[in-house]
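The notes follow the order in which I looked things up.

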Amino acid sequence: MANDINTPLSQVDPEIFSILQREFKRQNEKIMMSASENYISRAQLEAQGSVLTNKYAEGYSGKRYYGGCEFIDEAESLAVKRACELYGADHANVQPHCGSAANMAAYYAVMKPGDTFMAMSLDQGGHLTHGHKVNFSGSLYNAVHYGVDRETEVIDMDEVERLAEESRPRLILTGATVYPRLWDWERFRAIADKVGAILMCDMAHIAGLIAAGVHPSPIPYCDIVTATTHKTLRGPRGGIILCREYLAKDIDRAVFPGLQGGPLEHIIAAKAVCFREAMEDKYKEYQKQVVKNAKALAAALEKGGVRLVSGGTDNHLMLCDVTPLGITGKQAQEILNDINIVVNKNQIPFDKEKPFISSGVRIGTPCVTTRGMKEKEMKVLGEVISSALKQYTVVDLMNICRSKVDALAGEFPVYTE
């Protein structure tokens, strides 16, 4: 019986093995253009699938509640050190299981139930954990939301300041899940200081761009910064919290024992690998190309007649308003999936449709850039996407679009084995 644990997955569970094989095939054969997805390295996959998953390690390095953590401590300490070095942060907690858990811990560390905080509204580009009523953040705390200007579709900083003076929040949150423009963290800092608020950033989407220095960093301005590690950062699924030294103990206590038990040390090891990869010159070139590709794709989409919210992009994503084309975001997602391009439907500012239907699609370039595609391929993808969305009823055209997508997928494979 002892040898049973060495039996491969294909023999232990053929059904799950088959699903993994088919997902492997899907990721290679379809072009993934969701702004929140990426492909991680083989090295990270190895760390995630390692024996570290067998170890309980409640607590922190040097202060564990279980014995036998000497090597676990080394791995987690390395992840913390690298995170601080990568971002220039005073302190890092690498234990949050995901971005939502990181945000929850950050709030828990500095707010009490009923406290007021400000954040970007979900229907304007924010996230569920930014105070939506169906989420813990909207039920435990009093959320005041800011958004974008109806004409420019960029954040109205004067309105942010007005709302802050009116509501006197304990915390002001910056960051979004679908905002294609740069953030004015200096102005947010000034507003936070004016009303005596803690300034926080959820940089989940742009963490990789910031790590590579191709997007302004919130670290010099914010007291707390949270992020996922699996979007532009191109790491394993998980979260991190960075903070100033004066909040380090509060943040650590909020994560454990406040909200989480045993950390996922195999994921933390993969985070450490991710942070090391992010320090390399080739990673910086990759992130520069992500932005170049986004601008090239945006230009191709606009040329093809697709309206972009705010008129373009400064980062890795763009939000396309498909209402002028006579379709919904849900329809657009299905149309593109039919030609093997995967995107997600998304509400646009002041959307009249419900979230499950929406009026837009969110498109990003991290995945295609990881595959090695550049501006030339973005032009092709932009032409294909705009043609398909405008003429999806023309069978011959859709077949041509699908063939072009399949050719690109074949030319730029993801994993080779």
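In which hand of crossing does H7 pass H8? I find that H7 passes H8 in a right-handed crossing, where right-handed is assigned if the near helix is turned clockwise from the far one by less than a right angle, and left-handed if anticlockwise.

I note that this is a predicted model, in which local features need pLDDT of at least 70, side-chain atom pairs count only at pLDDT 80 or more, and totals for chains, interfaces and linings use all residues. Residues are numbered from 1 along each chain as its sequence is written, and side-chain values use heavy atoms, with hydrogens and water left out.

**Helix pair**

I looked up the geometry of H7 (residues 157-167) and H8 (residues 185-195): they pack at an angle of about 15°, with axes 10 Å apart. H7 is therefore roughly parallel to H8 (angles under 35 degrees count as such).

I then listed the contacts (heavy atoms within 4.5 Å). Met-157, Asp-158, Val-160, Glu-161, Ala-164 and Glu-165 of H7 meet Arg-187, Phe-188, Ile-191, Lys-194 and Val-195 of H8. By class, this contact has 6 nonpolar, no polar and 5 charged residues.

**Cysteines**

I searched for disulfides (cysteine sulfur pairs within 2.5 Å) and the structure holds 0. The sulfur of Cys-222 has its closest cysteine sulfur in Cys-201, 5.1 Å away, which is too far for a bond. Cys-243 is likewise in no disulfide, the nearest cysteine sulfur being that of Cys-84 at 8.5 Å.

I also checked burial (under 20% relative accessible area, with a 1.4 Å probe and protein chains only). Cys-222 counts as buried at 3% relative accessibility, and Cys-243 is buried at 4%.

Definitions and conventions. Axes are lines fitted to C-alpha atoms, for helices over the stretch in contact, and angles run from 0 to 180 degrees between N-to-C directions. Helices (H or I, at least four residues) and strands (E, at least two) are DSSP runs, numbered from the N terminus. Angles under 35 degrees count as roughly parallel, over 145 as roughly antiparallel, 65 to 115 as roughly perpendicular and the rest as oblique. Ala, Val, Leu, Ile, Met, Phe, Trp, Tyr, Cys and Pro count as nonpolar, Asp, Glu, Lys and Arg as charged, and the others, Gly among them, as polar. Buried means under 20% relative accessible area, exposed over 50%, partly exposed in between (1.4 Å probe, protein chains only).
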